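Open the model in your viewer and keep the selection tool handy. We will go from stop to stop, and at each one you will hear what to select and what is there.

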Amino acid sequence: MEAIFIPQLAKAPEQTDKIPVQEHLPGLETLTPVQGVIKVTHRGNYLEVKANAVAIVTLACDRCLQQYNHRLVVDTSEVIWLQEPIEDFAEEGVEQEVALEDLVESLPPNGYFRPDEWLYEQFCLAVPQRQLCDQQCQGIQVQEPSSEKAAPVDRRWASLESLKDSLK
């Protein structure tokens with residue numbers, strides 16, 4: 001996927017670009033190519049980005065550690081503000097308070113929007129935090145140790161084992 005030059009998007013018909021997706025995203029290991037559509041609309045001082053895409057990934061169950069296939073679905077939208085980056089950085093290692101309104105995604109108005117990176121981030125957010133192959137998964141079945149006494153593996157420990165038995 002090619003990056004979109006934001007001023008060029010403002011001159012596009014209806015200020016919108018629809019990007020069909022039918023490819024593997026770099027950094028995202030999927031069994032099938034990501035399939036879907038990304039719609040980017042320039043709204044003056046912000047971009048409205050919508051995506052509807054699916055892919056199949058292989059996950060490991062948190063309970064039994066078995067691998068299973070999971071269908072990831074991304075059906076989301078986001079507003080990305082167009083503003084110049086703030087160059088007011090404090091010294092490195094010094095704490096800085098960040099206001100709640102500063103916690104938004106933004107791009108420079110004369111910059112580029114990279115739909116592949118944005119879609120990769122959306123798929124990363126769509127991966128379930130609790131990965132279970134089945135809701136009734138019992139987890140790893142642990143065998144109870146047998147009540148029989150195991151013979152010492154190393155004969156050098158035999159005298160210590162007999163001392164232990166005599167103290168009982």
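Select K39: with a relative accessibility of 33%, this lysine counts as partly exposed, a class lying between buried (under 20% relative accessible area) and exposed (over 50%), computed with a 1.4 Å probe on protein chains only. K39 sits in strand 3, residues 34-42; helices (H or I, at least four residues) and strands (E, at least two) are DSSP runs, numbered from the N terminus. What does K39 touch, not counting residues up to four places away in sequence? Show T16, D17, K18, E48, V49 and K50; touching, or contact, means heavy atoms within 4.5 Å. K18 is 21 residues from K39 in sequence, but their C-alpha atoms are 4.4 Å apart in space.

A word on what you are looking at: this is a predicted model, where local features need pLDDT of at least 70 and side-chain atom pairs count only at pLDDT 80 or more, while totals for chains, interfaces and linings use all residues. Residues are numbered from 1 along each chain as its sequence is written, and side-chain values use heavy atoms, with hydrogens and water left out.

**Zoom out**

Colour the chain by secondary structure and you will find three helices and seven strands. From the N terminus, the order is β-α-β-β-β-β-β-β-α-α. Of the 168 residues, 25% count as buried.

**Salt bridges**

Next, select E48, one of the residues that K39 touches. E48 is buried, at 18% relative accessible area. Its side chain meets that of R43 in a salt bridge of 2.9 Å, N to O, and that of K50 in another of 3.5 Å. A salt bridge here is a side-chain nitrogen of Lys or Arg within 4 Å of a carboxyl oxygen of Asp or Glu.

**Two residues in a loop**

Now select E14 and Q15, in the loop between helix 1 (6-10) and strand 2 (16-23). E14 has a phi near 60° and Q15 a phi near 50°; each is a positive value in a residue other than glycine. E14 is exposed at 75% relative accessibility, whereas Q15 is partly exposed at 33%.

**A buried aspartate**

Move to D116 in helix 2, residues 115-126. D116 is buried yet has no salt bridge. The nearest side chain of opposite charge, R114, is 6.1 Å away; Lys and Arg count as positive and Asp and Glu as negative, with His and the chain ends not counted. Beyond its neighbours within four places in sequence, D116 is in contact with M1 and L25.

**Last stop**

Finish by selecting I80, E105, L107, Y112, F113, R114, E117, W118 and E121, which line the second largest pocket. Helix 2 gives the largest share of this lining, three residues.

Notes:
1 Å grid on protein atoms, 1.4 Å probe; cavity = no way out; pocket = protein on both sides within 12 Å on 5 of 7 lines; lining within 4 Å.
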